[in-house]
Amino acid sequence: MSQRYALTPEAEEDLIGIFLHGLTTWGRPQARQYHGDLHHTFDVLAENPQAGRTRSELAASIRSFPYKAHVIFYVIERDEVIIARILHGARDIDVLFSR
């Protein structure tokens, strides 16, 4: 049985921010490509949920998976991968998860 993925409201906001930053930095075609590639990576994680490494130092059951300059944080729930956040690798991840 194939898994699905869903995004939290925070992950949706992260995606919007990444796209808007991409528009001003790279232009529309590359921003759309990056956005599409992120969604493809979500599909890969849904099919291979154990691919990411466990990040129990951040929160119970959370995993992370890198994609270029970003890190995708997610949890596995029954038949679904929940994308919790998509954060730039240079951000202070520990502070963001301590809130």
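**Figure 1. The overall fold of the protein has three helices and five strands.** Read from the N terminus, its elements follow the order β-α-α-β-β-β-β-α. Helices (H or I, at least four residues) and strands (E, at least two) are DSSP runs, numbered from the N terminus. This is a predicted model, in which local features need pLDDT of at least 70 and side-chain atom pairs count only at pLDDT 80 or more, while totals for chains, interfaces and linings use all residues. Residues are numbered from 1 along each chain as its sequence is written, and side-chain values use heavy atoms, with hydrogens and water left out.

The C-alpha trace spans about 40 × 35 × 20 Å along its principal axes. For 99 residues, a compact globule would have a radius of gyration near 13 Å, and the protein agrees with its 13 Å; this radius is taken over C-alpha atoms, and the globule rule is 2.2 Å times the number of residues to the power 0.38. Of the 99 residues, 38% are buried, where buried means under 20% relative accessible area, exposed over 50%, and partly exposed in between (1.4 Å probe, protein chains only). The accessible surface comes to about 6,100 Å², and carbon and sulfur atoms hold 52% of that; areas come from the Shrake-Rupley method with a 1.4 Å probe, and for residues only the protein chains shown count as cover. Among contacts (heavy atoms within 4.5 Å) between residues at least 6 apart in sequence, 47% join residues at least 24 apart.

**Figure 2. R63 is a buried arginine without a salt bridge.** Look for R63 in strand β3, which covers residues 63-67. Where is the nearest side chain of opposite charge? That side chain is E57, 11 Å away; in this count Lys and Arg are positive and Asp and Glu negative, with His and the chain ends not counted. R63 does have polar partners: its side chain and that of Q50 are joined by a polar contact of 3.1 Å, and a polar atom of the R63 side chain lies 3.1 Å from the backbone oxygen of G52. A polar contact is a pair of N or O atoms within 3.5 Å; within protein, one must be able to donate a hydrogen and the other to accept it, and residues adjacent in sequence count only if both atoms are side-chain atoms. Beyond its neighbours within four places in sequence, R63 touches residues including P49, T54, F73 and Y74.

**Figure 3. P49 sits in the loop between α2 (28-47) and β2 (53-54).** P49 is buried, at a relative accessible area of 13%. Setting aside neighbours within four places in sequence, its contacts are Q3, R63, Y74, I76 and V81. P49 and Q3 are 46 residues apart along the chain, yet 8.4 Å separates their C-alpha atoms.

**Figure 4. The whole structure holds three salt bridges.** A salt bridge is a side-chain nitrogen of Lys or Arg within 4 Å of a carboxyl oxygen of Asp or Glu. Side chains of opposite charge can pair when their charged atoms come close. One of the bridges joins E80 to R4, with the closest N and O atoms 3.6 Å apart. Here E80 in strand β5 (residues 80-88) and R4 in strand β1 (residues 4-7) lie 76 residues apart, linking distant parts of the chain. E80 is buried at 18% relative accessible area, whereas R4 is partly exposed at 47%.

D14 and R85 form another bridge, 2.7 Å from N to O. D14 belongs to helix α1 (residues 9-25) and R85 to strand β5, so the pair ties together parts that are 71 residues apart in sequence. D14 is buried, with a relative accessible area of 11%. E57 and R55 also meet in a salt bridge, at 2.7 Å from N to O, and R55 is buried at 11%.

Figure 5. Most residues other than glycine have a negative phi.
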